[in-house]
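Student: I would like to learn how to read the features of a model one by one, with the general idea before each case. Could we start with the exposure of a single residue?

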Amino acid sequence: MRIRFQEDRYYEKKNAGDYDECLMAAGICSGVTVYADADSKTLTVGFDAEYPPFGYMDESGEYVGFDLDVAQKVCDNLGWELVKKPINWDSKDMELNSGNIDCIWNGFTINGREDDYTWSDPYLNNEQVMVVASDSGIETLADLAGKNVVVQAASAALDALNSEDNKELTDSFASLTENPDYNTAFMNIDSGAADAVAVDIGVAKYQLAQREEGKYKILDEPIQSEQYGIGFAKGNEELRDTVWAEVMKLYDEGEIDKLAEQYGVADMLCLGDEEAADKTEENTDAAEENADSDEAADADAAEDEAE
């Protein structure tokens, strides 16, 4: 038996989930995607505010995380303002297509969504895994038969469990329940309401590091392997190319490695792979061509004014 429910997501900042109704009307109702170009000087990043270590609120009340910190360095290098916009993960497509955000940059899985966004290159390898209580007696995925499993709503872990490849596994559960965030999921394990939580391995490692040592464990067998990328609105190659060129500059300077070590995701980095490097070179060339075109246009405009 499979039971699903969804709760409203809670935000610590009261106005974090406010929507711009005019933009939504223009973008959603008309079916037209609204997005910023590379000259906007402001980058609005949409992220899940309860998704450490990629995006979350720290003890000082600031939004931080591996992805957000990389985005900040990109904007600093470009002389742009970074706007960190917490979003309801279920509404990420509406936020992006309405122009409320410029990209989704928050442990965002490419696999299965390849045609839905204009993607950057992959930058992190990821696995979907199961976390259980260490004293649960659960050692393998097969041991989850007849157990109650929780997962974040609208997450890649939910997509993985609902995929045809994992149909037999998911059908073996007593229930599969959607939670609004992983704090709720771990509370359900603590209370006995759930036996396991399906989660990205980076998030799993962070959650376990923040909790009582030895209380939980990650099953060795992954549910699914995948990769993270930055998702831009379909057709917004210009902004994608500009942002990604800066990401690769940061990688070449060693800044990405430093942040990956800081947030415990160094073993997940896939930047520098040969295939990724080829695609990155294409994106960098495209960004430079866009910049050259803009400079030429500005020069022509100045010449016309002079005449």
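Student: What does Lys-215 count as, judged by its relative accessibility?

Tutor: The classes are buried (under 20% relative accessible area), exposed (over 50%) and partly exposed in between, using a 1.4 Å probe and protein chains only. Lys-215 counts as partly exposed because its relative accessibility is 35%, and Asp-190, at a relative accessible area of 41%, is likewise partly exposed. Please keep in mind that this is a predicted model, in which local features need pLDDT of at least 70 and side-chain atom pairs count only at pLDDT 80 or more, while totals for chains, interfaces and linings use all residues. Residues are numbered from 1 along each chain as its sequence is written, and side-chain values use heavy atoms, with hydrogens and water left out.

Student: With which residue does Lys-215 form a salt bridge?

Tutor: Side chains of opposite charge can pair when their charged atoms come close. The criterion is a side-chain nitrogen of Lys or Arg within 4 Å of a carboxyl oxygen of Asp or Glu. Lys-215 meets it with Asp-190, where the closest N and O atoms are 3.3 Å apart. This pair joins distant parts of the chain, since Lys-215 sits in the loop between helix 7 (201-210) and strand 12 (216-218), whereas Asp-190 is in helix 6 (residues 182-191), 25 residues apart. Helices (H or I, at least four residues) and strands (E, at least two) are DSSP runs numbered from the N terminus.

Student: How many salt bridges does the structure hold?

Tutor: There are nine. One of them pairs Lys-73 with Glu-255, with 3.5 Å between the closest N and O atoms. Here, too, distant parts are linked, with Lys-73 in helix 2 (residues 66-78) and Glu-255 in helix 9 (residues 255-262), 182 residues apart. Lys-73 is partly exposed, at a relative accessible area of 28%, and a network of salt bridges links Lys-73, Glu-255 and Lys-258.

Student: Which residue forms a salt bridge with Asp-159?

Tutor: That residue is Arg-113, and the closest N and O atoms of the pair are 3.5 Å apart. Asp-159 lies in helix 4 (residues 156-162) and Arg-113 in the loop between strand 6 and strand 7, so parts 46 residues apart in sequence are tied together.

Student: Which residues form the negative surface patch?

Tutor: A charged patch gathers residues with over 30% relative accessible area and no salt bridge, like charges being joined within 9 Å. In this model, Asp-93, Glu-114, Asp-115 and Asp-116 form a negative patch. Asp-115 belongs to the loop between strand 6 (103-109) and strand 7 (118-119), and it counts as exposed because its relative accessibility is 65%.

Student: What does Leu-161 touch, beyond residues up to four places away in sequence?

Tutor: A contact means heavy atoms within 4.5 Å. Leu-161, found in helix 4, touches Met-130, Asn-166, Leu-169, Thr-170, Phe-173, Leu-176, Ala-198 and Ile-223 when those neighbours in sequence are not counted. Leu-161 is buried, at a relative accessible area of 1%.

Student: What covers the buried residues of helix 7?

Tutor: Those buried residues are Ile-201, Gly-202, Val-203, Ala-204, Gln-207 and Leu-208, and their cover includes strand 2, strand 8 (124-133), helix 6, strand 11 (196-200) and strand 12. For the chain as a whole, 50% of the 307 residues count as buried, and the secondary structure comes to ten helices and 13 strands. Of the contacts with a separation of 6 or more, 79% are between residues 24 or more positions apart.

Key:
Patches are made of residues with over 30% relative accessible area and no salt bridge: like charges are joined within 9 Å, nonpolar side chains (Val, Leu, Ile, Met, Phe, Trp, Tyr) within 5 Å. Accessible areas come from the Shrake-Rupley method with a 1.4 Å probe; for residues, only the protein chains shown count as cover. Lys and Arg count as positive and Asp and Glu as negative; His and the chain ends are not counted. The place of a charge is taken as NZ of Lys, CZ of Arg, CG of Asp or CD of Glu.
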